[in-house]
Amino acid sequence: MAKVVWQSGIEYVSGALCKCGKKEPHKHGRMLLATHRRAATTSDSCNRIYLRDESNFTKSNTSNAVWTRQRFKAVAEMVHQRSMDLSKITQDQMNFIAQRNNPRGIKTMRAYYWHICGQEYDAQHPRD
């Protein structure tokens with residue numbers, strides 16, 4: 001790994017230094033990225049530079065990928081509907097608080113909704 005030595009006056013550099021291919025913003029092109037971390041360590045090598053090559057991601061149309069996208073879309077809609085349903089909010093909040101501090105408890109309300117709605121979807125749509 002390369003070592004970066006800064007001149008006096010420059011504390012650190014962080015972020016995208018070069019976004020190559022700005023004409024196609026949604027294409028994952030090449031990038032030069034620098035990071036800086038502040039940690040209580042004895043090492044003074046807290047700066048890193050990464051080069052990202054162009055990636056060619058294509059949407060997979062396998063049956064598993066299609067099923068996963070459909071499930072995600074349906075569960076997201078169920079989460080939205082359940083979080084707006086006034087008849088369920090109080091009970092959901094009480095159930096969430098009761099399980100939150102357990103060792104395997106879900107820590108956020110949104111994650112709790114995703115867990116509950118995912119279980120409901122899986123019960124209604126068993127996978128072969």
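# Legends for the close-up views

**View 1. Asp92 is part of helix 2.** Helices here are DSSP runs of H or I with at least four residues, strands are runs of E with at least two, and both are numbered from the N terminus. The model is predicted: local features need pLDDT of at least 70, side-chain atom pairs count only at pLDDT 80 or more, and totals for chains, interfaces and linings use all residues. Residues are numbered from 1 along each chain as its sequence is written, and side-chain values use heavy atoms, with hydrogens and water left out. Asp92 is buried at 3% relative accessibility (buried is under 20% relative accessible area, exposed is over 50%, partly exposed is in between, with a 1.4 Å probe and protein chains only). Leaving out residues up to four places away in sequence, Asp92 touches Arg82, Met109, Tyr112 and Tyr113; a contact means heavy atoms within 4.5 Å.

**View 2. Helix 1 and helix 2 cross at roughly 90 degrees.** Their axes come within 6 Å. An axis is a line fitted to C-alpha atoms, for helices over the stretch in contact, and angles run from 0 to 180 degrees between N-to-C directions. The two helices are therefore roughly perpendicular to each other, a term for angles of 65 to 115 degrees; under 35 counts as roughly parallel, over 145 as roughly antiparallel, and the rest as oblique. On the helix 1 side the meeting residues are Arg82, Ser83 and Met84, and on the helix 2 side Leu86, Lys88, Ile89 and Asp92. This contact divides into three nonpolar, one polar and three charged residues. Nonpolar covers Ala, Val, Leu, Ile, Met, Phe, Trp, Tyr, Cys and Pro, charged covers Asp, Glu, Lys and Arg, and the others, Gly among them, are polar.

**View 3. Helix 2 packs against helix 3 at an angle of about 105 degrees.** Helix 2 contributes Ile89, Asp92, Gln93, Asn95, Phe96 and Gln99 to the contact, while helix 3 contributes Met109, Tyr112 and Tyr113. By type, the residues of this contact are five nonpolar, three polar and one charged.

**View 4. Phe96 sits in helix 2.** Phe96 is buried, with a relative accessible area of 8%. Apart from neighbours within four places in sequence, Phe96 has contacts with Ile106, Lys107, Thr108, Met109 and Tyr112. Phe96 and Thr108 are twelve residues apart along the chain, and their C-alpha atoms are separated by 8.3 Å.

**View 5. The largest nonpolar core has six residues.** A nonpolar core is a set of buried Ala, Val, Leu, Ile, Met, Phe, Trp, Tyr and Cys residues joined through side-chain atoms within 4.5 Å. Its members in this case are Val75, Met78, Val79, Tyr113, Cys117 and Tyr121. At least two residues of this core come from helix 1 (63-84), and at least two from helix 3. For Val79, when neighbours within four places in sequence are set aside, the contacts are Arg110, Tyr113, Trp114 and Cys117.

**View 6. Ile116 and Ala111 lie in helix 3.** Ile116 is buried, its relative accessible area being 17%, whereas Ala111, with a relative accessible area of 33%, is partly exposed. Ala111 and Val79 are 32 residues apart in sequence, and the distance from C-alpha to C-alpha is 9.5 Å.

**View 7. The protein has three helices and three strands.** Along the sequence these elements follow the pattern β-β-β-α-α-α. The protein has 128 residues, of which 16% count as buried. Among contacts with a separation of 6 or more, 38% join residues 24 or more positions apart. The accessible surface is about 10,700 Å², and 54% of that surface belongs to carbon and sulfur atoms. Accessible areas come from the Shrake-Rupley method with a 1.4 Å probe; for residues, only the protein chains shown count as cover.
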